[in-house]
Amino acid sequence: MTKLLTVDGIEIEFEKQNTDHACKWCVYLRLKKKDKEQTFLMIRTNEKPFTRFTYNSGTTVNLSEEVLSEVFTNSVNITGILDEMISDHEKGKNETKN
């Protein structure tokens, strides 16, 4: 039976696990309603998660690059974090050579 929930916000996180863990992936579903936030569901799996972005026109449901783009513009941007980590790593390598 499918549950229908109405919420103010939703976050979906895909987390790849270290090889020491019991599974390869964890998927978290976090919900926000008014002032309350909570992790609603945690799913553990060894299969890589599959995502689909679709648009319901009222008569058909189709895969949509526009929906994909709209969702990803609201995603956490980790590019800056990765650039900083690489830069810090390179600085550390250069300092140990000197």
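Reply: Happy to; the model is a predicted one, and we can go from the overall layout to single residues.

Me: In what pattern do the helices and strands of the protein follow one another along the sequence?

Reply: Let's begin with the inventory: the secondary structure comes to two helices and five strands.

Me: What share of the 98 residues counts as buried?

Reply: A residue is called buried when its relative accessible area is under 20%. Applied to the 98 residues of the protein, that cut-off gives a buried share of 9%.

Me: Which strands stand at the edges of the three-stranded open sheet?

Reply: The order in this open sheet is S1-S2-S3, with antiparallel pairing. An edge strand has a single partner, so one of its sides is left without a neighbour in the sheet. From one strand to the next, the twist averages 15 degrees. The strands at the edges are S1 (9–16) and S3.

Me: How many bridges join S2 to S3?

Reply: Let's take the pairings in turn. S1 and S2 run antiparallel and are joined by eight bridges; there, Glu13 has Tyr28 of S2 as its bridge partner. S2 and S3 also run antiparallel, with Arg30 standing opposite Thr39 in S3. The number of bridges joining S2 to S3 is nine.

Me: Is Lys34 buried or exposed?

Reply: Lys34 lies in the loop between S2 (25–33) and S3 (36–45). The cut-off for an exposed residue is over 50% relative accessible area. Because its relative accessibility is 64%, Lys34 counts as exposed.

Me: Which element supplies the largest share of the lining of the largest pocket?

Reply: The largest pocket has a volume of about 730 Å³. Of the 15 residues that line it, the closest to its centre are Ile12, Glu13, Phe14, Val71 and Ser75. Both S1 and helix H1 (65–72) supply at least two lining residues. The largest share, five residues, comes from S1.

Me: How many charged residues does that lining have?

Reply: Sorting the lining of the largest pocket by class gives eight nonpolar and three polar residues. The number of charged residues in the lining is four.

Me: With which side chain does the side chain of Gln17 make a polar contact?

Reply: Gln17 sits in the loop between S1 and S2. With a relative accessible area of 14%, Gln17 is buried. At 2.6 Å, its side chain makes a polar contact with the side chain of Glu15.

Me: What distance separates the C-alpha atoms of Thr51 and Leu68?

Reply: Thr51 belongs to the loop between S3 and strand S4 (54–56), and its relative accessible area of 38% makes it partly exposed. Along the chain, Thr51 and Leu68 are 17 residues apart. Their C-alpha atoms are separated by 9.9 Å.

Conventions
Residues are numbered from 1 along each chain as its sequence is written. This is a predicted model: local features need pLDDT of at least 70, side-chain atom pairs count only at pLDDT 80 or more; totals for chains, interfaces and linings use all residues. Side-chain values use heavy atoms; hydrogens and water are left out. Helices (H or I, at least four residues) and strands (E, at least two) are DSSP runs, numbered from the N terminus. Buried means under 20% relative accessible area, exposed over 50%, partly exposed in between (1.4 Å probe, protein chains only). Two strands pair if DSSP finds at least two bridges between them. Axes are lines fitted to C-alpha atoms, for helices over the stretch in contact, and angles run from 0 to 180 degrees between N-to-C directions. On a 1 Å grid over the protein atoms alone, a cavity is a set of points where a 1.4 Å probe fits but cannot get out, and a pocket is an open set with protein on both sides within 12 Å along at least five of seven lines; lining residues have an atom within 4 Å of a point. Grid points are joined across faces, edges and corners, and a volume is the space filled by probe spheres set on the points. Ala, Val, Leu, Ile, Met, Phe, Trp, Tyr, Cys and Pro count as nonpolar, Asp, Glu, Lys and Arg as charged, and the others, Gly among them, as polar. A polar contact is a pair of N or O atoms within 3.5 Å; within protein, one must be able to donate a hydrogen and the other to accept it, and residues adjacent in sequence count only if both atoms are side-chain atoms.
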